Structure formats: structure tokens, C-alpha cells
Amino acid sequence: MPFLPSLSAVWRSPWLAPFNDVNALNDLLGQVNALWSIDRILARVIEVRTETADTRTFVLRTNRLWPGHRAGQHVVVEMEIDGVRRHRTFSIASAPGRSREIDITVRRQPHGRVTGWMHEQLRPGMVVGLSAPRGDFTLPETLPPRLLLIAAGSGITPIMAMLRDLQARGARPDIRLVQLSREPADAIFRNELEQLARGWPQLQLRTWYSRLQGRLDPRALDALVPDADQRSAWLCGPHVFMQAVLAHWQAQGRPAPQHESFGAPLRRAASGERVAVRALKAERMFTASADLPLLQEAESAGLQPKSGCRIGICQTCKCVKRSGVVRNLLTGAVSAEPDEQIQLCISAPVSELSLEL
Amino acid sequence: MDGSHPPPAASSIPGALTREQFDALQKELDAIRDEVLASRGERDARHIRFIVRLARWCAITGRSLLHFGFVPGSWLLGVAALSLAKILENMEVGHNVLHGQYDFMNDPALNSQTYEWDIVCASSNWRNYHNYLHHTHTNILGKDHDLGYGVVRVTDKQRWVPYNLFQVLWYGMLAHFFQWGVAVHDIKIDYYFKGKISWQNLKQRLKPFLHKTRRQLFKDYVLFPALALWNWPRVLLGNMTANLIRNLWTNIVIFCGHFPKGVRVYTREETKNESRGQWYVRQMQGSANIEGPRWFYVMTGHLSHQIEHHLFPDLPAHRYPDIAPRVRAICEKYGISYCSRGFFRQYGSVLSEMVRLSLPPKEAAVS
């Protein structure tokens, strides 16, 4: 497998063109073996396992560019769906150490275009792109004496990686794991967790099923785990739930748990409202009207984006939208995907935005 | 040559239609655009990747034949393959990618803002004068600098000067060195001499040009010949010929797109306060199509469908043949001319117009 240790300055020199055209070389290598690439981490799906009715685990075998991960980290997965490259972030559910193999466990989102595609179309043999592993929702080298892990829904995935890692390393710390699910059939990894707990007396499971027991009031956590205030806590789950738990911890004067959020919901701006826009290159924030083209508002804020025709033809003002939602003023089409290119002169914000501007 | 054929009914001028008709026409064209946008997907990704690979393998084959071919005829084959590679890369890939036609794929290799093509014209210069100036101000005298490329008088509305007497000659030179014509187009050195832009501005415009031409010349005339060792003259001459063939071909296609008989040129006054519908009409009347088989369309980068391209410059170009009959039907419905002919008739018309316009206007023609 061809691999260059680093793309040095010599290699990137424009005088070497076309021999150093990385896109072309990657495409040529990819035609020989779909996993070969000079600089892209690629992975082949080797197994798809059903965990619950709406959750599946995809076992991925990466190429040699995968640097290995730490338990609790996440990865951005790049998939090409109907000709369009789309990116989604998933926690890695497997422990490090399996050679170049990782699991991602994916819950199908209602109306989710990408998770829906993964459940229906992503099959063994297919190849996806990966980012390097990211994130610091991990356990420290020296474990605290007592831990409390709280996982809601698919928030169990990074915590599962931690537990699998501890087990593989032979560490058996004192852990209370609170797993929240809708109902028992929905609890991801339920069997594996119970099995793990049987051989690990200091690991005690507490479950909470919202369909049977109602929504969990964070105060009830103290009843489930009476010594919660004595424990170092890790928390992962939906945004609203995590906010409630963090508020409770703060109210009790406890140090904030380590936490990992699966994306905060975006609030939609109404007509006449102004929303916050983050210009990443200029390192500036400005506000923009939900009714006016972003180009005009960026210029009013003193930025000078490149522009040409100002009527949506010439593409000069095109820029990458890292996050947020915009509306095309000509067609009414809405762009909600991360990393999509938008034309500033005909796009108006629908939510808070981050732009490569 | 058959420039003697009457032009397709050039009946309508903006103003012949009512405001409501322009709006209705706009809605019909927008509907076509929305339909293509909604169906954009894997089919388009497959097409452009296929052409990228085809162009790449043509280049590898062509350069290998030039370097290592010892059989008689290998030089000619090599030149043919390399010319084909450059034509496909410049026209079907480069031009269309730079229009943002494939930005929807989110593939960094096909991104309009970063793509650099195999031609001396820098992408950044091109994006300004072609995507912005030419496509926004299409065929407006004094605003669209593609009208005759500053070399040829292409309409009666342009003032005749004695220099035009020999314009067929000037045109022949432009065609041979077309990539250089395209490359210096956005620099506007004439503006500098006329005092319209500052030295600073000129330097700014020159920078990407010098940067790109240095690399491009080095690649075709130093690096590849040097790699061929004692075979260097063969490779140098081959690369030069391939660039020349590409120049002639792109020039012919582009001149067929805007300068045959029957294409309308506008004045600034006519296009003041233009509505979107009027803009659409100007794009259709200011462009001309070339008819031919499907492979020919690919060879022109689908500029064979200049009319559809000017209506929707950011739709994947290989869709233009699909929507062309509907665009044509809309033109007929509203009585708008749709200039479309076969290749030889269209180029013949370009040349005969060029000859006609090289002569001073007769008094009668001026009115």
C-alpha cells in the first residue's frame, strides 16, 4: 500500500505538476484498490450488525492511514449518497487495539437522510471516508476511584468504548452506569452490558425506561445512585437531557461532568429577525437579517467577501457554510447540511451560521 | 460556406413582449431549471468522473507515445491523444467545473473555487471575466469583452476602423494562440495604457497570470521534454502541436457560440433595468447552438448548447441536450429566435460575417 510519510514542501511544489496531483493519484490508486490513497483515511464496511429495531453497528476496516483512537472519541464519516459527499459524526463504539478495525453504532434518525441511507444502503464491501479520530471525551490515564457514567439513547456508544477498553486492559474500577432508553427493547448493548457486569462486580447497571417510568428528572439520578456526588461523572446523550443534568450538577455544587453532546438543535429564525453569523477566516461575528442576502449583510458589517454579478450567476461569492441553515432567495431551497457551498448574494440565513469567510 | 442562408427569424427585441409575457417566460424556464436541480445526483457525478478519467488516460497515453513511441506514426497518435486530453480537460471538465456545475457533489477535486485547469489562463482570472463579466453582461456592447475579443468586429453596431480590413488575418492569429488570448483577457493591459486602471491594479491582475503561465510553460516545454532525454525535440514539438490543436478547436467552438449570423448584440441602454425574464431572453438571443452527435457535444464541453448554457450556466452541462427541445419550444411560443445549425453551417456563418464586417458599412446599412 503506497504511503508517503508526509507531504513535504518539495512534494507540494507546483513545478512537479502533474506528477504531484494528489486528487489524480488518489483516483488512480482507488481504481486499483478502493482503500488505497495517499492522504485519505478510507474504510471498508466488513460487517453490519443489528443492535435494536432502529440501531445498527457498522464494523469498518480502515487503510493504513488510520492513526488509532482513544476510547470515547468520535470520527467524521464521509459517505457519497446519490453523487453528493455527506459528512456525519459518530462516536466509535469499539475499544482501541483491534488492528485497523472500528465499530460505529448508528441510530436511525426520524427523517434522517444520511442515517436512513446507512441503514438501507450501506452494505459490507462498500467504502467510506473517515476523519482522524477527534474529541477529548475520554477517561484519564489514572482512573478516579469511583466513576459514574450516564448515557441516554445512542449516547451509550462512546461509553461502551470506554467499558470495553477497561475490560480489555483488565482494569475493574468501581463504576455506576446509568443507561436511559425508551424501553428495554430499545436499550443498545443491553445483553453485552449485562454480561460485562456479571464478570465485573464493581460495575453496576442502573436502567431507566422513559416509556414506562416517564422522563427522568435529574434529581432522580441521586436516588438511582445515592453516592453520585462522590463520583467523577461522564455524561453523553441528547442536548436537552444533558442540559438538565448539567444544571442539576451545578445546582448541587458538584464539579461539571465530562460530557459529549450530539449536536445542539438549531432554532429557526422568523422573518424580520437577526441571527448571529460567525465569519471563521475573519474571526468575527456579525448579525444578519433573515430576509436579506448574506453578501449585503456581510458588507454592512465591514467584511469584504469577493463578489461579482450579485444575482446568483457568476459563483464568485461562493463560500463554504460549516454549520447552520440558509435559504436560497431565488429558489426557496433550504441548505441544512454541514460543509455545503452557498452563494452569499442569493442566500439568507435561517439559523445561526458559521461561514468560511 | 453558406452564410447566404437567411438568419432564423430574428423577430423579437426586448419590448416586443409585454412585461407579463417576460414574467411568464421566466416561470417556464425556472421550472426547467428546478426540474434539473431536483434530479441532480449520481448520474451527473458518474458522467464528470468518467470524463475526468478519460481525459487523464488520454493524457497518459499521449505523453507515453510521444516519449517512448518508436513506431512510425506514434508521434501523430501521441499528438492526437494529448490534444484530445487537453480538449476534454479544458472544455468538458475545466470550463464546467469552474462554473460550479459540480459543486453540489462536495468533492474537493471538482470544486469551482479551487480547480486549476491545463491551460495558461489562470482559473482566478477566468472566474472574473468569464463567469462574471461575460455571463452576466452577455453580448452587451462595451460590457461583454468577449464580443470579438478586442480583435474582431462582430456586429454592425461596432464602429468600423481601417484595422478591421484585415480582421480575418488578426482572427487567424488569435485562433492559433487562443489560450494566450484567453489568458490575457482579464488583465486589461489596454485599460492601463488608456489610464483607466492604475499600475497597482494591473500588477494585481498580472500576478495570477504570470504565476500560471510560468508553471504551464515549464510543464509542457521544459519538464516533459527533459524527461524524454535525447527524445526531447519530439516531445517539445508534440506538446506544442497538441496545444495548437486545442487552441484552434476551442476558438472555433467559442466563436460559433456568439458570432454567427442571427445572434443579437445589445446596447447598454437596451438592457437598463432588465428583469430576470428579459435577462433570459438576452441570453437566448445572444447565443447560438451547434447541432451534432452526442460525442461531438462532449468534445465542445457542451458549448454546442451555448443557449442552454447561457440560461443555466451552473447546471451540469451534459443535461443541456435533454432540455434543449423544451427551451426551443419556449422560444417558438414567445416568438424568440433560436439560432441552431450544423457545425459547418454555423462556422461558415461566423467566417462570412467576419468578412462582411471587415468592410466599411455602406450608407444604406447604417440606418
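In which helix of chain B is Tyr334(B) found? Tyr334(B) belongs to helix α13, which spans residues 320-334 of chain B; helices (H or I, at least four residues) and strands (E, at least two) are DSSP runs, numbered from the N terminus. The model is a predicted one, in which local features need pLDDT of at least 70 and side-chain atom pairs count only at pLDDT 80 or more, while totals for chains, interfaces and linings use all residues. Residues are numbered from 1 along each chain as its sequence is written, chains are lettered from A and ligands numbered from 1 in the order in which they are written, and side-chain values use heavy atoms, leaving out hydrogens and water.

Tyr334(B) has a relative accessibility of 12% and therefore counts as buried (buried means under 20% relative accessible area, exposed over 50%, partly exposed in between, with a 1.4 Å probe and protein chains only). Beyond its neighbours within four places in sequence, Tyr334(B) is in contact with Leu17(B), Gln21(B), Ala24(B), Leu25(B) and Glu28(B), where contact means heavy atoms within 4.5 Å. Glu28(B) also meets Lys333(B) in a salt bridge of 2.6 Å, N to O; a salt bridge is a side-chain nitrogen of Lys or Arg within 4 Å of a carboxyl oxygen of Asp or Glu. This pair links helix α13, which holds Lys333(B), to helix α1, which holds Glu28(B), across 305 residues. Lys333(B) is exposed at 57% relative accessibility, whereas Glu28(B) is partly exposed at 25%.

Helices α1 and α13 turn up again around helix α10 (residues 276-285) of chain B. Nine of the 10 residues of α10(B) are buried, among them Trp279(B), Tyr280(B) and Met284(B). These buried residues pack against α1 (19-38), α4 (123-136), α12 (306-311) and α13 of chain B.

Arg86(A) pairs with Glu340(A), with the closest N and O atoms 3.7 Å apart. Arg86(A) sits in strand β4 (residues 84-91) and Glu340(A) in strand β17 (residues 340-343), 254 residues apart, and both residues are buried. A salt bridge also joins Glu337(A) and Arg88(A), at 3.1 Å between the closest N and O atoms. Glu337(A) lies in the loop between β16 (334-335) and β17 and Arg88(A) in strand β4, so the pair ties together parts 249 residues apart in sequence. Over all chains, the count comes to 56 salt bridges.
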